[in-house]
Amino acid sequence: MGSPIVLGIESSCDETGAGLVRDGRLLGHAVASSMDEHARYGGVVPEIAARAHVHALRPVIRRALEQAGLGLADLGAVAVTTGPGLSGALQVGLAGAKSLAYALGLPLYGVHHLAGHVAADTLAHGPLPDPCVVLIVSGGHTSLLLVRDLARDPVRHLGDTLDDAAGECFDKVARVLGLPYPGGPAIDRAARAGDPRAVPLPRPLPGSYDFSFSGLKSAAARWAEGHAGRELPVHDGAASLQEAVADVLTRKAVAACTEHGVGTLVVVGGVAANSRVRALAEERCRAAGVTLRVPPPKLCTDNGAMIAAVGDLLVRAGARPAPLDVSTDPSAPLAHAALHPVPPARSRAARPL
C-alpha cells in the first residue's frame, strides 16, 4: 500500500502553497501568489502577505487535492513550514496545518523552509545522492551545503551569505535600473539583449565558500549613477550583473564539489530558475565531471510540494512528529530538515558539560 500521503503547506513569504507527496512522488500541488499586491511597493509587505495567506490557504489546499483526485480522508500526515520566513505569514500556514492535523487525527511535521528547497529536487530526479553538494539561491538565502541523508543527518554548511543574498541583489539593482519587481526575472529578461562584459563588476570573496553580494550591488548602483543625465544602458547593466552573480555562485559550488570529492551538485531556490545560472552551472559541471541536478522552474520558487517532499522523507525515516503546540521560528538556521522545538529539559540533558 506504500507510505501515507503527506500534505505540505508553505506560507513563509508571498506564495501560499499546498502539495501532496507519497513515496517520493508528487501527486498534486497548487500555488497562489500575492506578488502583484507587493509589486507597487517594490518588495514584500509582511502584513499584506499574511492577509493574502488567510484568503488563499483553503482554496490552495482544495485545488491540490482536486488535482490529485484525493480528499482530506486520504491524507496520512501534514507537514508545514515553521521557519524561517515572515512571522505573520508562517503563523497562518502553521495554524491551518495544526487545525487539519488535529481535526483529522494526523501527525504534524514542522519543516525547515530551506530543507524544502533541497527536497524539491527529489520530486524531479529521485533520491539525493549521499553525499551531494547543494547550492541554495533565493531571494533571502544563499548557502552552500554538504548534504547526506536529508531526513536523518545534520546539514553541513560550507558557506553562507554574509549580507545580501543573490536574490536581494537582483531585486535592489533592478530598482536602480528602472526594472520592475521582482528583480530576478526582470534582470534575466533584460540581460538577453545585453553584453555581459560591458560593465567590469567585482566577484566578491574569491577563495571563500561564503557569499557577499552587498558590494556587488553597490558597484552596480554606482555604475548606474555615473550615467546621470545620459541614457542608461539597462540591458548591458543587467547582463553584467547577472554574469557576475552566476560566475560567483557556480565557481564556488563546483570548487566545493571538487574539494570534497562529491560527484553531484544540486542547485535549488528561486534564483536557480535564472537562465544564466543554469547554463553556467551546466557548463562548469560538465568540465569538472560533476553531475548537475536542477529542479524545473515551477519547483524552484516557494511551493507546498517541496514541504510535502520533506514530510514524506521524515515519515519514511521514522522521524518523530512535532507536538501540536509547535511554534514558528522566523530566523531558524538550517541544521536539520525537521524544525520544531526540543523540550528544554531534554535539550539540557543532551548538552555536554
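**Salt bridges and their surroundings**

Modeller: Asp121 and Arg293 form a salt bridge in which the closest N and O atoms are 2.6 Å apart; the term stands for a side-chain nitrogen of Lys or Arg within 4 Å of a carboxyl oxygen of Asp or Glu. Asp121 belongs to helix H4 and Arg293 to strand S10 (residues 291-293), so this pair ties together parts that are 172 residues apart in sequence. Helices (H or I, at least four residues) and strands (E, at least two) are DSSP runs numbered from the N terminus. The model is predicted: local features need pLDDT of at least 70 and side-chain atom pairs pLDDT 80 or more, while totals for chains, interfaces and linings use all residues. Residues are numbered from 1 along each chain as its sequence is written, and side-chain values use heavy atoms, without hydrogens or water.

Asp121 counts as buried, at 0% relative accessibility, and Arg293 counts as buried too, at 10%. Buried here means under 20% relative accessible area, exposed over 50% and partly exposed in between, with a 1.4 Å probe and protein chains only.

Across the whole structure, the search finds 12 salt bridges. In one of them, the side chains of Asp247 and Arg203 meet at 2.9 Å, N to O. Asp247 sits in helix H8 and Arg203 in the loop between H6 and H7, so the pair ties together parts 44 residues apart in sequence. Asp247 is buried, with a relative accessible area of 8%, whereas Arg203 is partly exposed at 33%. Through shared partners, salt bridges join Arg203 and Asp247 with Arg251 and Arg284 into one network.

Asp149 and Arg152 make another pair, with side chains meeting at 2.9 Å, N to O. Asp149 has a relative accessible area of 24% and is partly exposed; Arg152, at 53%, is exposed.

On a 1 Å grid over the protein atoms alone, a cavity is a set of points where a 1.4 Å probe fits but cannot get out; a pocket is an open set with protein on both sides within 12 Å along at least five of seven lines, and lining residues have an atom within 4 Å of a point.

Asp149 is among the residues that lie nearest the centre of the second largest pocket, together with Pro127, Leu128, Leu313 and Arg316. That pocket is lined by 17 residues, and helix H11 (residues 304-316) gives the largest share of the lining, 4 residues.

The largest pocket has 40 lining residues, and those nearest its centre are Ser138, Gly139, Gly140, Asp171 and Tyr181. Helix H4 (113-125), helix H5 (166-176) and helix H6 (183-191) are the elements that give two or more residues to this lining. H5 contributes the largest share, 6 residues. H4, which also holds Asp121 of the bridge to Arg293, thus has a part in the lining of the largest pocket.

Two or more of the lining residues come from each of helix H7 (214-225) and helix H8 (234-260).
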